[in-house]
Amino acid sequence: MDLELSNQVAGVVSGALALAGAVVAVHRHRRDRDRRGWWSALHPVWRREADAGIVHPHRFGGYVKPLSEVYVPRRVVPRLNAAGDGVDVADLLTGAGNVLLIGEPGSGKTALIRYESARSAQRWLAGRGRRRRCPPGPVLVSLPAAALVHQPLPAALAEAYPREGAPLDVEQPPAPGRQWLVCVDGVDAVADPDERAVVLNRLATLARSPGPAAAPRPWRVLVTTRHLAEDELAVLSAGYPAYHLAHFTDADVALLAARWFPDDATARRFLDWTHAQRITGPVHNPLTATVAVLVWEGGQAGAAPPPGPAALLDEFVRALLRGGRESLDAACEALLRCPPEGESIAAWLAARHTELVEVAATAAVAGNDPVAAVVDWSAAHAPAPPARALPGWPTHVRRILLATDLFRADRRTLVSVWPSLVEYLAAGPLARDWRPDEWVTLMNTRSTRFVALQAISRAAVAPAFLRDRLAEPAGAIAAGHLLAGHAGTGGAGEADAPSFRADVLAALLAHWAGGAGGPAGRDAARECFALLMTLAADRAHRDLLHDLAADPRRPGDVRRAAALFFAVRRRDARRP
């Protein structure tokens with residue numbers, strides 16, 4: 001009996017163990033199946049983002065460190081409550097709700113998205129699908145704002161992230177218990193106002209539309225843009241808390257140098273050089289800082305460029321054009337083999353490399369096809385149309401532009417690699433033939449504003465001519481954009497003078513409070529207010545505005561407007 005009982009107990013125990021093993025096996029199978037589902041689906045997405053984020057867009061004649069090695073973490077300040085030191089961008093990525101991130105040209109909006117997307121992808125890949133090892137926060141995917149002109153966000157993402165099997169579906173959570181963070185980059189890059197309005201309205205609809213069965217949608221949206229008009233910002237105001245991307249500090253510039261250069265001594269020499277070149281203010285702009293590093297690194301053995309940020313960018317662009325000269329020379333050689341007109345066209349083209357790229361840049365800024373613009377320009381100005389002498393002339397133009405590293409191939413056309421550099425080139429004609437009235441018009445047109453900023457810098461024109469125009473809304477708005485374009489970076493010459501800045505702020509206050517001259521000027525009044533809000537994100541401008549409110553030398557309407565501005569600003573900052 002004892003033996004029989006022992007056998008029965010052993011059978012029960014072995015059966016229990018077998019059942020437990022089966023339960024564990026089923027659990028592991030389900031876990032692995034679930035993991036294979038979302039992990040396998042997203043693995044190609046993460047691999048793509050991780051690979052794209054480490055490549056720096058410019059070679060500048062040699063090896064450039066990956067973006068992941070030189071990137072400096074960024075901070076932002078709330079647009080309606082800019083007091084304090086701001087918050088880390090990482091907090092916005094892992095937080096709740098949508099975000100609107102506003103940055104000046106060259107402030108690093110696209111680099112931020114590329115870097116954070118790559119870093120997030122690398123962390124997810126390291127987790128290997130095990131939930132305990134997965135990073136906190138959402139799954140990042142990115143999309144140029146132009147992709148939303150003709151289709152809604154889910155369809156645009158499905159097209160941007162083609163996969164075998166089912167397309168990317170942001171209507172479903174990316175992983176158990178996680179959200180998508182869709183980074184929509186460059187609303188301002190949509191040049192056509194009507195198309196930009198479509199994009200803004202699509203984004204606004206996303207913020208207020210629930211998911212199926214009134215459930216919260218499994219996504220958040222982070223939108224980046226340059227400064228927009230107040231009526232455009234108002235479209236997103238309800239669902240997208242707005243932040244300004246902060247400039248580099250001196251410590252940030254030092255960190256960039258430390259990460260870029262091989263040792264502290266080299267980094268120190270670079271920082272000393274920025275002082276000698278009088279660009280310690282301008283290098284607070286990340287684009288200018290990167291260009292400064294590349295110019296200094298590439299030109300240590302040669303003559304240093306003249307001091308100033310305009311000369312710095314000029315040296316950088318000249319180096320890019322030198323690096324891409326072979327494609328132009330190849331086109332000239334092909335033309336020489338096409339008598340009888342080819343020889344004269346080749347001689348004409350060989351002397352116009354910069355002008356050719358400026359034509360392409362001007363077209364790109366306006367949202368047009370750079371290749372088609374160059375083909376039309378060459379047909380109108382060359383001794384004979386190159387397309388008539390050389391078969392495949394548009395293909396040669398495409399190669400010439402790609403060789404500069406200023407453009408990259410898109411599915412339909414060429415697009416800017418760094419829009420700020422392309423706008424710098426587009427500013428060349430105005431800088432050489434300065435026309436103040438045209439400059440004011442360009443400055444007050446969103447798509448050409450940075451072209452105007454670059455033109456006044458390249459032409460070395462003092463902004464004193466704007467003082468006589470501050471009484472008119474257009475002149476005050478142009479001056480306000482000039483301040484906003486140089487806020488916190490220095491390098492604006494007379495525009496950095498506190499007296500000039502105070503006069504511009506006073507003019508903006510007066511036009512805002514006065515409705516910019518009546519009902520017809522309401523749009524101008526709103527633009528003045530938007531500029532005041534943008535400028536007030538900078539502590540120096542806030543201090544000047546406080547001074548205006550208490551300065552007995554200022555007209556009463558200006559002092560009252562300054563006090564009212566801070567009251568409105570505090571009220572808006574308290575709104576949830």
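What follows is a conversation about the terms used for this structure and the values behind them.

Mentor: Please keep in mind from the start that this is a predicted model. The protein chain has 576 residues, of which 49% are buried, and its secondary structure comes to 26 helices and nine strands.

Trainee: What makes T266 count as buried or exposed?

Mentor: The place of T266 is in helix α9, which covers residues 264-276. Its relative accessibility is 9%, and the cut-off for buried is under 20%, so T266 counts as buried. Leaving out residues up to four places away in sequence, T266 touches F261 and W296.

Trainee: Why is A145 called buried, and which residues does A145 touch?

Mentor: A145 is found in the loop between β4 and α5. The relative accessible area of A145 is 1%, and because buried means under 20%, the word applies to this residue. With residues up to four places away in sequence set aside, A145 touches V184, D185, G186, V187, V190 and V199. As for V199, A145 and V199 are 54 residues apart along the chain, yet their C-alpha atoms are separated by 6.9 Å.

Trainee: How many of the contacts in the protein chain join residues at least 24 apart?

Mentor: Among contacts between residues at least 6 apart in sequence, the share that joins residues at least 24 apart is 72%.

Trainee: Let us turn to the strands. What is the order of the seven strands in the open sheet, and what is the pairing?

Mentor: The order is β2-β1-β7-β3-β6-β5-β4, and the pairing in this open sheet is mixed.

Trainee: Why are β2 and β4 called edge strands?

Mentor: Strand β2, at residues 87-88, and strand β4, at residues 139-144, each pair on one side only, and that is what marks them as the edge strands.

Trainee: How do you know that β4 and β5 pair?

Mentor: Two strands pair if at least two bridges are found between them, and β4 and β5 are joined in the parallel sense over six bridges. One place to look is P144, whose bridge partner in β5 is D185. On the β6 side, five bridges join β5 to β6, and these two strands run parallel; here the bridge partner of L181 is R220 in β6.

Trainee: Which strands pair with β3, and in what sense?

Mentor: β3 and β6 pair in the parallel sense over four bridges, with L222 in β6 as the bridge partner of V99. Strand β3, residues 99-102, also pairs in the parallel sense with strand β7, residues 242-245, over three bridges, and L101 stands opposite Y243 in β7. Helix α4, residues 109-127, lies across β3, β4, β5, β6 and β7, and runs at about 150° to β4.

Trainee: What makes β5 largely enclosed by the rest of the structure?

Mentor: Six of the six residues of β5 are buried, and therefore the strand is described as largely enclosed. W180, V182 and V184 point one way, while L181, C183 and D185 point the other way, and all are buried. Strand β6 is mostly covered, with seven of its seven residues buried: W219, V221, V223 and T225 lie on one side, and R220, L222 and T224 on the other.

Trainee: What makes α14 oblique to α18?

Mentor: The axes of α14, residues 353-365, and α18 come within 8 Å and cross at roughly 120°. Roughly perpendicular ends at 115 and roughly antiparallel begins over 145, so α14 is oblique to α18. V357, E358, A361, T362, A364 and V365 in α14 meet V422, E423, L425 and A426 in α18.

Notes:
Residues numbered from 1 in each chain as written. Predicted model: local features only at pLDDT ≥ 70, side-chain atom pairs only at ≥ 80, totals over all residues. Heavy atoms only, no water. Contact = heavy atoms within 4.5 Å. Axes fitted to C-alpha atoms, helices over the stretch in contact; angles between N-to-C directions. Buried < 20%, exposed > 50% of the residue type's maximum accessible area, 1.4 Å probe, protein only. Parallel < 35°, antiparallel > 145°, perpendicular 65-115°, else oblique.
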